[in-house]
Amino acid sequence: MKTFSPTPKDISRNWFVVDASDKILGRLASAVAVRLRGKHKAEFCPHLDTGDFIVVVNAGKVRTTGRKLDQKKYYRHSGWIGGLKETNLRDMLATKPEEVIRKAVRGMLPKNRLGRAMLKKLKVYAGEAHPHEAQKPETLDV
């Protein structure tokens, strides 16, 4: 008996829409990361990108537990001396809610070129509208 190993022609990708309103950020990101990676499929292979396309809408309405709105920090560096900038979750949700979900999912994917390819299949929008109606996405309940 031979072990089945999928090839790129065996991979089928579907489109799903996830409504993030009133969902917990970490639980939502975990479910999205599993779908992007393809671990829910029987033909999952760790060295291939077997995941689906995920469209997340209402990113600005995501919830967190505890005091994370003020205590969770996002850091970035300009490259200059003393150029470390920090922003808390409350300000990020007000200015760039798409980045909050994208960064949460990115931390749950592999840290290599395969993980970067998986992240390209994630489409995040702050509001209800998205331009992916032509792909006929199915609704995914998380």
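These legends accompany several close-up views of a predicted model.

Residues are numbered from 1 along each chain as its sequence is written. As the model is predicted, local features need pLDDT of at least 70 and side-chain atom pairs count only at pLDDT 80 or more, while totals for chains, interfaces and linings use all residues, and side-chain values use heavy atoms, with hydrogens and water left out.

**View 1. The whole chain, to get our bearings.**
The chain holds five helices and six strands, where helices (H or I, at least four residues) and strands (E, at least two) are DSSP runs numbered from the N terminus. Read along the sequence, the pattern is β-α-β-α-β-β-α-α-α-β-β. Along the principal axes, the C-alpha atoms fill a box of roughly 60 × 35 × 30 Å. Of the 142 residues, 38% count as buried; buried means under 20% relative accessible area, exposed over 50%, and partly exposed in between (1.4 Å probe, protein chains only). Among contacts (heavy atoms within 4.5 Å) between residues at least 6 apart in sequence, 67% join residues at least 24 apart.

**View 2**
Strands count as paired if DSSP finds at least two bridges between them. Five bridges join E1 to E2, and here valine 17 stands opposite valine 55. E2 and E5 share three bridges, with valine 55 opposite lysine 123 of E5. On the E6 side, two bridges link E1 to E6, and phenylalanine 16 faces glutamate 138.

Five of the five residues of E2 are buried. Phe53, Val55 and Val57 point one way, whereas Ile54 and Val56 point the other way. In a regular strand the side chains alternate between the two faces of the sheet.

**View 2. The nonpolar cores.**
A nonpolar core is a set of buried Ala, Val, Leu, Ile, Met, Phe, Trp, Tyr and Cys residues joined through side-chain atoms within 4.5 Å. In the largest one, with 28 residues, Val32, Ile54, Val56, Ile101, Val105 and Leu122 touch the most other members. Elements giving two or more residues to this core include strand E1 (15–19), helix H1 (25–37), strand E2 (53–57) and helix H4 (97–106). H1 supplies the largest share, six residues. Not counting residues up to four places away in sequence, leucine 122 touches Val32, Leu36, Ile54, Val56, Arg102 and Val105. Apart from this core lies another, of five residues, among them Trp15, Val17, Val55 and Val57.

**View 3. The E3–E4 hairpin.**
Strand E3 (residues 73–77) and strand E4 (residues 84–88) pair in the antiparallel sense over five bridges. Tyrosine 74 stands opposite threonine 87 in E4. Six residues lie between the strands, and in this hairpin glycine 79 takes a positive phi near 100°. Leucine 84, in E4, counts as exposed because its relative accessibility is 53%. Beyond its neighbours within four places in sequence, leucine 84 is in contact with Tyr75, Arg76 and His77.

**View 4. Two buried loop residues.**
Threonine 50 lies in the loop between H1 and E2 and is buried, at 1% relative accessible area. A polar atom of the threonine 50 side chain lies 3.4 Å from the backbone oxygen of arginine 37. Asparagine 58 lies in the loop between E2 and helix H2 (68–71). Asparagine 58 is buried too, at 4% relative accessible area. Leaving aside neighbours within four places in sequence, asparagine 58 is in contact with Asp19, Ala20, Ser21, Tyr125, Ala126, Gly127 and Glu128.

Terms used
Polar contact = N/O pair within 3.5 Å; in protein donor to acceptor, adjacent residues only side chain to side chain.
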